[in-house]
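Here are some notes to read beside the structure. They take up a loop residue, a helix pair and the nonpolar cores in turn.

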Amino acid sequence: MSCIPEPVVGESLSSWIFRVQLIKREYLDLSSFDKSNPFTELGSKSAENVDPDVNSLDALINDFSSTYDVPKSYLLDKFQRSTQPIMAKHYSSAYCYECIASSIRTIGAPHMKVAWCFALAPVCTVHGKVLNDRPSYSSSVESSPRQVFLWHTENLFSSKLKWRERASYDVVSALALRVQNLHESIRASAINTKRQCMIDNFILTIVRALLMPSVSCFYSNRFQSETRLGNNNSFSDSWFRSFFHNVFLASASERAIAMCLTGVLLGWITNEEAELLQPVYDREQNITQNIWTVFKSDANMLHWLKFELLRNETDLLSLAQLSNKPGSWK
């Protein structure tokens, strides 16, 4: 394993492989792989749903191990498959610029972290800021860290990033990070993977509800991504697609606000603290009551929300913890 650098803590496998290739000054000949291999022409449109850190981790480990003579046991130890809800790279473009800049200073190359793809982790735990988002149009999965750094540097003073200087952005970061850490603490105390998944799905269900088009009143335009699905209030296939899919189209900023509102519903954020988010949304009444009012305006939202939450109840997270829930839920 000569000239093979140690992975940065939390680094994704694809990011680490890119750094190894930079040092070796050579690249995996992806075109020479069998056409059935998921890594053939990773940058092509036909492979846009392939994510080497999610749905093809084992294949990438096998190929890299044989190419660079790195023991599979080493790779499997360093890069374990996460059980957190993941944003596949085809959708996710979240990153922490401070982390990338720091890795350039310390190890001479940018890197990406697996945690930046977690749907319920929109805040950097190192710097305490909501992750940045960039357009998810880049080609090479392997060179993504470099592409992200260059894009951010080129847009440093553009309106795409300048809004983050507002005070409300710091409030969103702090409150969302609290909810994110509480979620992580609760899932860490679960006795097995199945319970962890139920805890994830309980939080994710609330976040999904809060990212539906009917709840867009809680998001100012500068926080919203351009890929939102249309307004579907009917209990139809389109409604279900929106409910389950919008979280993967949402920007880190939108997911952070949804995490804040989830914290309000669970009592992890007080109404007084929620008032600090005034610049983010128009609040006409008590925020908790307002959330339930908006939910009721979406046909059948409460019915489906209750059904999904009951399916994922545990002694650690349950309907009983929700604030000001509808009378029919009590």
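1. In which loop is the place of aspartate 69? Aspartate 69 sits in the loop between helix 2 (57-68) and helix 3 (72-78). Keep in mind throughout that this is a predicted model. Aspartate 69 is not a glycine, yet its phi is positive, at about 55°. Its relative accessibility is 64%, so aspartate 69 counts as exposed, the cut-off being over 50%.

2. Asparagine 324 also has a positive phi, near 50°, and is a residue other than glycine. Asparagine 324 belongs to the segment after helix 13. With a relative accessible area of 44%, asparagine 324 is partly exposed.

3. Helix 8 (residues 193-210) packs with helix 13 (residues 301-311) at an angle of about 165°, and their axes are 8 Å apart. Helix 8 is therefore roughly antiparallel to helix 13, since angles over 145 degrees count as such. The crossing of helix 8 and helix 13 is left-handed.

4. On the helix 8 side, the contact involves Met198, Phe202, Thr205, Ile206 and Ala209; these meet Met301, Leu305, Glu308, Leu309 and Arg311 in helix 13. Seven residues of this contact are nonpolar, one is polar and two are charged.

5. The largest nonpolar core has 71 residues, and within it Phe295 and Leu322 touch the most other members. Helix 10 (residues 252-265) gives the most to this core, nine residues. Another core, of 13 residues, lies apart from it and includes Ile17, Leu60, Phe64 and Tyr74.

6. Leaving out residues up to four places away in sequence, phenylalanine 295 touches Ala209, Leu210, Val215, Leu265, Met301, Leu302 and Leu305.

Terms used: Residues are numbered from 1 along each chain as its sequence is written. This is a predicted model: local features need pLDDT of at least 70, side-chain atom pairs count only at pLDDT 80 or more; totals for chains, interfaces and linings use all residues. Side-chain values use heavy atoms; hydrogens and water are left out. A nonpolar core is a set of buried Ala, Val, Leu, Ile, Met, Phe, Trp, Tyr and Cys residues joined through side-chain atoms within 4.5 Å. Buried means under 20% relative accessible area, exposed over 50%, partly exposed in between (1.4 Å probe, protein chains only). Helices (H or I, at least four residues) and strands (E, at least two) are DSSP runs, numbered from the N terminus. Contact means heavy atoms within 4.5 Å. Axes are lines fitted to C-alpha atoms, for helices over the stretch in contact, and angles run from 0 to 180 degrees between N-to-C directions. Angles under 35 degrees count as roughly parallel, over 145 as roughly antiparallel, 65 to 115 as roughly perpendicular and the rest as oblique. A crossing is left-handed if the near helix is turned anticlockwise from the far one by less than a right angle, and right-handed if clockwise. Ala, Val, Leu, Ile, Met, Phe, Trp, Tyr, Cys and Pro count as nonpolar, Asp, Glu, Lys and Arg as charged, and the others, Gly among them, as polar.
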